[in-house]
Amino acid sequence: MATSALTVDITPLKRKPGTQHHFELSFPPPEGVVLETAEVRATQLHLDLKLEGAGEELIAFGQILVDWTGPCRRCLEDRDGTTTITLREVFQARPVEGETYLLAENEVDLEPMVRETVLLNLPVAPLCSEDCAGPDPDRFPTTVVVEPDPDEPPPADPRWAALSEITFNE
Ligand SMILES: [Zn+2]
């Protein structure tokens with residue numbers, strides 16, 4: 001079985017039921033592991049997980065923090081964000097498709113779980129801020145505001161145009 005960088009030796013956990021293995025890891029998505037949706041790409045993962053043997057099963061619980069980058073759905077500017085995922089997953093020798101993950105004899109590969117969990121939790125439509133108004137009005141003006149020149153006489157009101165044509169015979 002091919003092992004990933006996220007393979008953990010669980011022999012100590014099996015030897016002593018009830019013990020927990022706590023680990024923290026920060027790393028960019030491993031090579032070959034694509035962690036991106038149409039909108040958002042994960043750039044860094046922070047795992048803070050505990051593994052605990054429970055009979056024939058192994059429980060993984062804790063948090064995954066995902067740094068990601070993707071375009072704001074309104075202004076389309078790239079923005080960065082962090083999503084915190086709290087998880088509790090079960091590993092079994094005979095996993096249930098879509099519910100539990102594979103537990104090998106003496107090790108567990110967390111990569112499929114991490115990948116699936118992250119993909120499911122990446123934001124679908126990020127927003128750079130709640131009051132994002134859309135395209136940056138300074139850089140992409142949609143209307144041109146012309147300030148009136150104070151030295152210029154105000155334009156004649158067309159309603160008075162007829163008056164300016166009246167001449168007086170003296
Ligand atoms: Zn925006």
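**Zinc site and aromatic pair in a predicted model**

The structure, a predicted model, holds one aromatic pair.

Reader: Which category describes the pair formed by phenylalanine 91 and tyrosine 101: stacked, edge-to-face or tilted?

Author: A pair of aromatic rings is described by the distance of the centres and the angle of the planes. For phenylalanine 91 and tyrosine 101, the centres lie 5.5 Å apart and the planes stand at 35°. Planes under 30 degrees apart would count as stacked and those over 60 as edge-to-face. The angle of 35° therefore makes the pair tilted.

Reader: How many residues apart in sequence are the parts that this pair ties together?

Author: Phenylalanine 91 belongs to strand β5, and tyrosine 101 belongs to strand β6, which covers residues 101-102. The pair therefore ties together parts whose separation in sequence is 10 residues.

Reader: Is tyrosine 101 buried or exposed?

Author: The relative accessibility of tyrosine 101 is 12%. Since buried means under 20% relative accessible area, tyrosine 101 counts as buried.

Reader: What arrangement do the four donor atoms around the zinc ion adopt?

Author: The protein donors are the SG atoms of Cys72, Cys75, Cys128 and Cys132, lying 2.3 Å from the zinc ion. These four donor atoms subtend angles of 104 to 115°. Four donors count as tetrahedral if all angles lie between 85 and 135 degrees. The arrangement is therefore tetrahedral.

Reader: How many residues apart in sequence are the parts tied together by cysteine 75 and cysteine 128?

Author: Along the chain, the zinc donors follow the spacing C-x2-C-x52-C-x3-C. Cysteine 75 sits in the loop between β4 (57-71) and β5 (78-92), whereas cysteine 128 sits in the loop between α2 (111-121) and α3 (161-164). The pair therefore ties together parts separated in sequence by 53 residues.

Reader: Which class of accessibility applies to cysteine 128?

Author: Cysteine 75 has a relative accessible area of 13% and is buried. For cysteine 128 the relative accessible area is 37%. Because that class covers values between the 20% limit for buried and the 50% limit for exposed, cysteine 128 is partly exposed.

Reader: In which element of the protein chain is confidence lowest?

Author: The protein chain averages a pLDDT of 83, and 78% of the residues score at least 70. Confidence is highest in β6, at 96. At a mean of 60, the element with the lowest confidence is α3.

Methods:
Residues are numbered from 1 along each chain as its sequence is written. This is a predicted model: local features need pLDDT of at least 70, side-chain atom pairs count only at pLDDT 80 or more; totals for chains, interfaces and linings use all residues. Side-chain values use heavy atoms; hydrogens and water are left out. Donors are N, O and S atoms within 2.8 Å of the metal (3.2 Å for Na, K and Ca); water is not among the atoms, so sites may look incomplete. Four donors count as tetrahedral if all angles lie between 85 and 135 degrees; four count as square planar and six as octahedral if opposite donors are over 155 degrees apart and all others between 65 and 115; anything else is irregular. Helices (H or I, at least four residues) and strands (E, at least two) are DSSP runs, numbered from the N terminus. Buried means under 20% relative accessible area, exposed over 50%, partly exposed in between (1.4 Å probe, protein chains only). Rings of Phe, Tyr and Trp (its six-membered ring) pair if their centres lie within 6.5 Å; planes under 30 degrees apart count as stacked, over 60 as edge-to-face and the rest as tilted. pLDDT is the predictor's confidence in each residue, from 0 to 100.
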